[in-house]
Amino acid sequence: MLTIAGRIFPSRLFIGTGKYPSLEVARRALVASGAAMVTVAVRRVDLTQKGEGSILDVIEKAGVPILPNTAGCYTADEAVRTARLGREAGLSEFVKLEVIGDPKTLFPDNDGLLQATRILVQEGFVVLPYTNDDLVVAKRLRDAGAAAVMPLAAPIGSGLGIQNPVNLRLLLEEIQDLPIIVDAGVGTASDAAIVMEMGADGVLMNTGIAGAGDPEKMARAMRLAIESGRLAFEAGRIPKKLYATASSPVEGVVRSGA
Amino acid sequence: MTAMRITLNGRDREVAPGATVAALLDGLGLAPSRLAVERNGRVVPKPDYPAVALAEGDVVEVVHFVGGG
């Protein structure tokens, strides 16, 4: 079972709640995913209009724990403020920490991420930082007290799948004492399965489900892919060989002539 | 008594003199359970809403959760 900061999760799939066509579609996808946690963003209340139902209603009814994020923050200071507000609104110590360094790629700002991680860990947060697939940064985040490391597979929302399997493998081999949750870039079920077969502890995704033609069906596909990928990892795959090896006995074959 | 001017979510707003955070939220029709309030850069804990009085020039942020990744 996946354990983060002493808390046990029944699933290894984490999903976002952005970009769904409607709250009802989000609800169905959420239920179908069986997600361990769902991310939400912290934003100013729009005082000019009255809301009709919110994503929080949907999440609370589904009974899934929320994971506030600091998406859209470009400095450690913004991210720390947002994390504090998220904790007050959601009464959870967990935070998905994002400090973005570039608007076009949404790649993380390593300096800001480390700085914000240190501050929030000191304040008692369970910090899950979204980071690039850089082993050195991951080690620094671990040393700063992060509860997990969440490397990207590809840019956020790109659906490109794992673009740098070597970096991811190195990260998974070298960081054994913290959960590694691949966050961002998963486009379809096989991407998620491959990540899990490589030994990742979990996957976080949003657009891959929310942007699919049928989000509910894709949510189920992702759930199954993550379960099968994990099972395959635990089972241990066979070594790859270039030539064929017969599966049936080579003795006792009925032959003509001899 | 004249109204106080504060900045609320980035916009100027007038509130009654001595208004508390609880009164502000009430006036906005917002239930305090699912949001968070920051006053001059510091989070105001929910139990303190009835006690914390706003002051002229305060910068207040009222936030909640929206869908996001």
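I'll start with one pair: Arg44(A) and Glu61(B) join their side chains in a salt bridge, 2.7 Å from N to O. By salt bridge I mean a side-chain nitrogen of Lys or Arg within 4 Å of a carboxyl oxygen of Asp or Glu. Between chain B and chain A the count is four salt bridges.

A word on conventions. This is a predicted model, in which local features need pLDDT of at least 70 and side-chain atom pairs count only at pLDDT 80 or more, while totals for chains, interfaces and linings use all residues. Residues are numbered from 1 along each chain as its sequence is written, chains are lettered from A in the order in which they are written, and side-chain values use heavy atoms, with hydrogens and water left out.

Now the interface as a whole. 26 residues of chain B are in contact with 32 residues of chain A, contact being heavy atoms within 4.5 Å. The size of an interface is often given as the accessible area lost when the parts come together. Here the two chains bury about 2400 Å² between them, 60% of it on carbon and sulfur atoms; that is the area lost to a 1.4 Å probe, summed over both parts. Of the area that chain B buries against chain A, 32% is supplied by Arg34(B), Phe65(B) and Gly69(B), more than any other three residues.

Next, the strands, which are DSSP runs of E, at least two residues long, numbered from the N terminus; helices are runs of H or I, at least four long. Strand β4 of chain A, residues 37–44, and β5(B) pair in the antiparallel sense over five bridges, where pairing takes at least two DSSP bridges. Within this pairing, Val40(A) stands opposite Gly67(B).

Last, two residues of chain A. Are Thr117(A) and Leu128(A) buried or exposed? Thr117(A), in helix α4 (residues 110–122), is buried, with a relative accessible area of 0%. Leu128(A), in strand β7 (residues 126–131), is also buried, at 0%. Buried means under 20% relative accessible area, exposed over 50%, and partly exposed in between, with a 1.4 Å probe and protein chains only.

Leaving aside neighbours within four places in sequence, the contacts of Thr117(A) include Leu97(A), Val127(A) and Leu141(A). Leu128(A) and Val95(A) are 33 residues apart in sequence, yet 6.0 Å apart in space, C-alpha to C-alpha.
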